[in-house]
Each structure stands twice: as C-alpha cells, then as structure tokens.
Amino acid sequence: MARIHPELREPTYDNVVLNERIGPVSVIADEAYRRRACFALDDYSPQYRDAGPYVPASMVGRDLVALFCSVYDPSRTVGLHQKEEIWFLNPIPLNAKLSYSGKYTDKYMKRGKGYTVFEAEARDAGDGKPYVRQISTEIMRIPRDIQLGTGGSGSAPSADHVVPDWPEHAAPVEIAEGTPRPGTPVKPLIKRPEQGQMSVFSGGNSQWYNIHTDIEVALKAGFRDTLAQGMMETCWIAEMLARFIGPAWHTSGWIKMAYVKPVYRADRITCKAVVREVEGSLVKFHVWAENQDGDITAVGWASAHKP
C-alpha cells in the first residue's frame, strides 16, 4: 500500500520514543464532531442529541488513544490494543475547544511481543479544565507468530480478579435509584458494530487504512475480517454505566479494561456490569463484554460516585 502520510514516523516498537511530548493538538467539539461520535458509537443519549448540551466524552477518549498517529503513520500501524484505563473528569460542552497532549511512558518486551504504554489527556484549550485522561497499552506491531483470536492482553491483575458471573435470578437495573447494593446487575447493552461505524471511529474519514477500516489490511494481518477497536467496547460500557449512575458518571467515571478476544464487523456484543462493592458513595463494578457465541471479548473494572 502506498504511504499516505510519508512525513510521519514508521510505527514500530523500535521507533517509539519515550517521554517525547505529542501535541498539543486542537479539536473543536462542534455539532459535526458530535454527529460523527453519536453515529460511530450508536449512542443517542438525550444529552447528546438535538439541543443536548454535551458531546460523548468517550469519543474524546478514542481521540486520545489515537493521538500518537499525529507523529506515527496511522496507515502503517498494525497493532493490538491490549489494555485501556480511562477517567471521565468533566462533561464536554458542545463547541468546546479541546487541547490533546500525550507521550509514551514505557515500552517493554514480553513473550516476544513489543508492548507500548501511551498516556494522554484532553483539557479545555482556554482555562485548562480537564475532561478525559487515558492510559493505553498496545502491541505496536503484530508479530508473525502471534496466535490471533486467543487473547493477548496477558493475565489480569491478581487483585480483584474479574469473574464474569451474571446473577441469573436478579432483575437487571437500567437506572439506579439511590445507592445500589452489591450484586446488582446493570441492564445489559447490546451493540452490533457495522463497517461504517468502525470506519468513522477508526479514522477512515481521514484516510487511515488499518485493520479496522480496510479488509485487505485486516486479512494481511491474519484476521478473518475487519475488527472493531477494543476502545469501542470501553465506550459502550461507559454508555451503559452513564445511564445507570446518572450525571455523576461524567465527573467521576473510571474504567480499566483488558481486551481478550477480537470483535469482528457485525458481531453481536453484549456489555454487562455487576455491582461488586460500595464504599460510601463510590460504586465499584466488574464489567465485561461477550459475543454472540458467548465468548468473552473484554473484561475489566469500573467505578463512579453515586450521590
């Protein structure tokens, strides 16, 4: 494939420079941005549609994950997102002027794979108010001998290990009234990512040709079809928990995910969450996503304050 962005750095593990500042990159979260975000995420929550005052902050999280592409060629990237940690600090007003900045803070080899850790944040370009912060861990370039589709994120942390255990005899709750009790299941959210949504989410409108937007790139990398970004699963779970927690999610929401199995175009993904612990106003969750075959595609933890 021809180099679309020859001025950018080749995205390889060896080329990753630690502690090099990337950004600031300026973005205006205008109506066009909001419409792209709502379409890509299939999220038309009241606060985003029509005269709603905000844009989906999870889409800004997606921007931060991809911020490295302002330095490293996005159309030469063939990597796998392994883990994601994201904080939602303030709701993002429509027409906000955002400033993105980030840097690679670590890289390491593990079982023959080159992992990179990228930290980034979005702030208001005027007063510096923080909106979103994220830390992503990724395999920068897929090794030839990686076993695709079997997971690759490594073992989850031993503390508070996530067991996707759905309480079959408890009624799921869509919107929490007051402080929920441990064991409460959140009403599941079902998503079915179509190619158009995946392409908008993953930079197709900016001529980014990757395993998410281009079938030839995906097949060459060893996949059977184009993949939804793991970050899409995190965004879907954020939507589900924002509905459950209410407005406080947008100032105190936190998610940490490990992606364990690819999500392909048109898979039927069910996002689930169960309240595991309550400490004062802080509600802690185990979260996961599973496909139409019952295979777990991502697992993680989340929390937020419930007034």
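Modeller: Accessible areas come from the Shrake-Rupley method with a 1.4 Å probe, and for residues only the protein chains shown count as cover. In this predicted model, the accessible surface of the protein chain comes to about 13,700 Å², of which 49% belongs to carbon and sulfur atoms.

Biologist: What should I know about the numbering and the limits of the model?

Modeller: Residues are numbered from 1 along each chain as its sequence is written, and side-chain values use heavy atoms, with hydrogens and water left out. Because this is a predicted model, local features need pLDDT of at least 70 and side-chain atom pairs count only at pLDDT 80 or more, while totals for chains, interfaces and linings use all residues.

Biologist: What is the mean pLDDT of the protein chain, and where does pLDDT stay under 50?

Modeller: pLDDT is the predictor's confidence in each residue, from 0 to 100. The mean for the protein chain is 88, and 89% of its residues reach 70 or more. Over residues 145–159, however, pLDDT stays under 50, and for that stretch the model has 27 contacts beyond four places in sequence, a contact being heavy atoms within 4.5 Å.

Biologist: How many helices and strands are there in the protein chain, and which residues of helix α1 are buried?

Modeller: Helices (H or I, at least four residues) and strands (E, at least two) are DSSP runs, numbered from the N terminus, and the protein chain has 6 helices and 14 strands. Buried means under 20% relative accessible area, exposed over 50%, and partly exposed in between, with a 1.4 Å probe and protein chains only. In helix α1, which covers residues 31–41, the buried residues are Y33, R34, A37, C38, A40 and L41. Seen down the axis of α1, these buried residues fall within an arc of 165°, so they line one face of the helix; the arc is that of the directions from the helix axis to the C-beta atoms.

Biologist: What is found at the start of α1, and which residue follows α1?

Modeller: At the start, a side-chain oxygen of D30 reaches to within 3.3 Å of the backbone nitrogen of A32. The residue that follows α1 is D42, whose phi is positive, near 50°.

Biologist: Which residue forms a salt bridge with R34?

Modeller: Side chains of opposite charge can pair when their charged atoms come close. A salt bridge is a side-chain nitrogen of Lys or Arg within 4 Å of a carboxyl oxygen of Asp or Glu, and by this rule the count comes to 12. R34 pairs with E31, their closest N and O atoms being 2.8 Å apart, and E31 also meets R35 in a salt bridge (3.4 Å, N to O).

Biologist: Which strands hold K272 and E290?

Modeller: K272 forms a salt bridge with E290, the closest N and O atoms being 3.3 Å apart. This pair links distant parts of the chain, with K272 in strand β12 (residues 269–279) and E290 in strand β13 (residues 282–290), 18 residues apart. K272 is buried at 13% relative accessibility, and E290 is buried at 18%.

Terms used: A polar contact is a pair of N or O atoms within 3.5 Å; within protein, one must be able to donate a hydrogen and the other to accept it, and residues adjacent in sequence count only if both atoms are side-chain atoms.
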